[in-house]
Amino acid sequence: MENEAGALSRVAGLFSARGYNIESLSVAPTEDLTLSRMTLVTVGSDEVVEQVTKQLNKLIEVVKIIDLSDGNHIERELMLVKVRAVDAEREEIKRLAEIFRGSIIDVTDKSYTIELTGTSEKLDAFLEAIESSAVLETVRTGASGIGRGEWILKV
Amino acid sequence: MSAELTGAEITIRCLQEEGVKCIFGYPGGAVLFIYDELFKQDKVRHILVRHEQAAIHAADGYARSSNKVGVALVTSGPGVTNAVTGIATAYMDSIPMVIISGQVPTNAIGLDAFQEVDTVGITRPCVKHNFLVKDITELAHTIKKAFYIASTGRPGPVLVDIPKDVSQQKTKFVYPDKVSMRSYNPVTKGHAKQIKKAVELILSAKRPVVYAGGGVILSDAAPQLTEMTQMLNFPCTNTLMGLGGYPATDKQSLGMLGMHGTYEANMAMQYCDVLIAVGARFDDRVIGNPKHFFNENRKIIHIDIDPSSISKRVRVDIPIVGDVLDVLKELIKLLKIEKDKPDHVALKEWWKQIDLWRERDCLKFDRKSKIIKPQMVIEKLFEITKGDAFITSDVGQHQMWAAQFYKFDKPRRWINSGGLGTMGFGMPAAMGVQLANPHGKVACVTGEASIQMCIQELSTCKQYNLPLKIINLNNRYMGMVRQWQEFFHGNRYAESYMNALPDFVKLAESYGHVGMKIEKPEDVGDALKESFKLKDQLVFMDFITDQSENVFPMVPGGKGLSEMILV
């Protein structure tokens, strides 16, 4: 969509006004600074998703919209998670982070902050693998998606 | 090198460039510079209303009756919030309109300044698009875009919010000839393959119905709709917004359909085998219960410029996205060269069935009543104006009676708030209609509840000598609310009685108009005739009507089309 003030609120407003759900939303300017790209995850029947798509297309600032789940696509989300890490936990959490291909980006004598990228399911799985009382804080970006192979969204 | 102009001058110059002859508005602090420029020129006429809601309704009536973009000018804060009802009304009915609003100076935005509201935020859900112009060099281009967006594709209101300091700053004025936007390219031509498929389906129909909505009016496609319907000998029903799209006095017209549609129209809708939906959107007042609708099998062709109107509430088989006018022209062309014709015998049977439904005489009412029946007033109005008046209405029972009993043969003659259902719409809209059609007969059919929602506009009518005929069907109730309470709330008339009504005759007179009170059925015709003889005066006719009259037929909310309550 056009990288203009208020464009995001039109999208968010449309979802709340029409009773659609936003599971996650991630947005930033693209290599063409006049454009922003937004990845929005929503859940609904085929009819609802069709309406969501049509309604979004009607927004004047939306340039192009594709449903990534129509084809093969890659989806990634970034999570930063701060976990308690004392005594024996330190080794265990480090190992767990390695298994999930995360990296520890900040360390204190009582905690680790881990950076983890993957599908939303993978991030969920990581959080499940850690004892819940050890999780001190999490922050997630929401999914960003892109088509596989030659499938390109370009204006 | 051309001289630099202020933002205020540019705003007015843009309106002139767009050929705007008449705007409706109300001044205030944030638009003072713009008003100053209005004052200095005479190309754009300004109509001063008494409340901003009326400015928008008047611009709306102007647009609906003329197919020009309606323009309104309001100040910041309360000017805008008062306008919101009008903007939402225009949005729901897809009316092309540009609203210019003043805003507090850019350096005061966000600081809770005097008369500040987040105009772009407040109006966002009820405009096609809106702009806040923070940079004077973008002003002319933005106004050009606003007119372009408002009048193309599915039309709608577009708001341009101009901070006071921007209206003061100067820049060179260049009005662009055209705009192109990569993110806005409305489709006009329908898909050729889809149109071909539609032709095949149309020719295979045994029990067809044409169901035509407001899109026919908006795209000026009434002649094409009529031509197609008549060359096929198909029955045609119009929605509330589509009245006048097909001549109502023609034998192929089934009248209006939906919640208060005719028996024959609703039955034909329910039992047809091929439905041709043209610029209509299957809303809840037409198809109250989509599931019940699909108890019968039929194939549906749906022509609409807005893809999101297609398969929103009702699944269709052949969608055609495009301008109704373009698509109908194309359809007619193909139908003319087609050798096959619709099944003559089946069609004859279908018409026989429809005639049986017609015999039910669903719009009958007591013509011998000693109390004035509201239906009779509308019938007389139709007779006396020979069906040639512009009729605006407010919202409620009187609106439905006007829609049922005034037979609209021409488009853009029936002006009402269909989507939002805004009480208070009728009189200000009629002002706009009269200004767009100075020689037209304009009547506002209203009720004693609705009219009081914008009654202050009697003053505007006086100032500009607008000779409206106000037809007040006065039953001392919010009639439609009372009807629902009678049917669905055990006759408990909670707060629907209109108490302490003014003497409308004196009220009209105090504004300098003519007032009449009509209490006997035999006086109705004479009063109407006399009112139209008073060519240069607004006449307020207060008809004291039957309090217990209900609108029939009625499809109760959520019920199927064939489940009508009949008189």
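Residues are numbered from 1 along each chain as its sequence is written, and chains are lettered from A and ligands numbered from 1 in the order in which they are written. Because the model is predicted, local features need pLDDT of at least 70 and side-chain atom pairs count only at pLDDT 80 or more, while totals for chains, interfaces and linings use all residues.

Chain A contains 4 helices and 7 strands. Helices (H or I, at least four residues) and strands (E, at least two) are DSSP runs, numbered from the N terminus. The order of elements from the N terminus of chain A is α-β-β-α-β-α-β-β-α-β-β. Along the principal axes, the C-alpha atoms of chain A fill a box of roughly 55 × 30 × 30 Å. The average pLDDT (the predictor's confidence in each residue, from 0 to 100) of chain A is 95. In chain A, 100% of the residues score at least 70. Confidence in chain A is highest in strand 5 (residues 111–118), at 98. It is lowest in helix 3 (residues 88–99) of chain A, at a mean of 94.

Chain A meets chain B through 14 residues of chain A and 11 residues of chain B. Two residues are in contact if their C-beta atoms, placed from the backbone, lie within 7 Å. On the chain B side, 5 residues are nonpolar, 3 polar and 3 charged. Here Ala, Val, Leu, Ile, Met, Phe, Trp, Tyr, Cys and Pro count as nonpolar, Asp, Glu, Lys and Arg as charged, and the others, Gly among them, as polar.

Chain B is assigned domain 1 (4–172), domain 2 (192–358) and domain 3 (374–544). These bounds come from an automatic or database domain assignment. The C-alpha centres of domain 1 and domain 3 of chain B lie 29 Å apart. Their contact takes 25 residues from domain 1 of chain B and 27 residues from domain 3 of chain B. On the domain 1 side, strand 2, strand 3, helix 3 (52–66) and helix 4 (78–92) of chain B each supply at least two residues. Helix 3 of chain B gives the most to that side, with 11 residues. By class, the domain 1 side has 11 nonpolar, 10 polar and 4 charged residues.

The record lists "domain: Thiamine pyrophosphate enzyme N-terminal TPP-binding" at residues 6–121 of chain B. UniProt positions are given in the numbering used here, feature names are shortened, and annotations may be inferred rather than shown by experiment. Residues 6–121 of chain B are 45% helix and 18% strand, with end C-alpha atoms 26 Å apart. UniProt also lists "domain: Thiamine pyrophosphate enzyme central" at residues 195–331 of chain B. That span is 34% helix and 20% strand, and its end C-alpha atoms are 7 Å apart.

Strand 2 (residues 22–25) of chain B runs parallel to strand 3 (residues 45–48) of chain B, joined by 4 bridges. Two strands pair if DSSP finds at least two bridges between them. B:Cys22 stands opposite B:Arg45. The chain passes from strand 2 through helix 2 (residues 32–39) to strand 3 of chain B in a right-handed β-α-β crossover. Right-handed denotes that, with the strands pointing away from the viewer, the path from the first strand over the helix to the second runs clockwise. Strand 2 of chain B is also parallel to strand 4 (residues 70–74) of chain B, through 2 bridges. There, B:Gly25 has B:Leu73 as its bridge partner.

Two backbone features of chain B complete the description. The peptide bond from B:Phe552 to B:Pro553 is cis, with omega near -10°. B:Pro553 sits in the segment after strand 20 (539–544) of chain B. B:Phe282, a residue other than glycine, has a positive phi near 50°. B:Phe282 lies in the loop between strand 12 (274–278) and helix 12 (290–293) of chain B.
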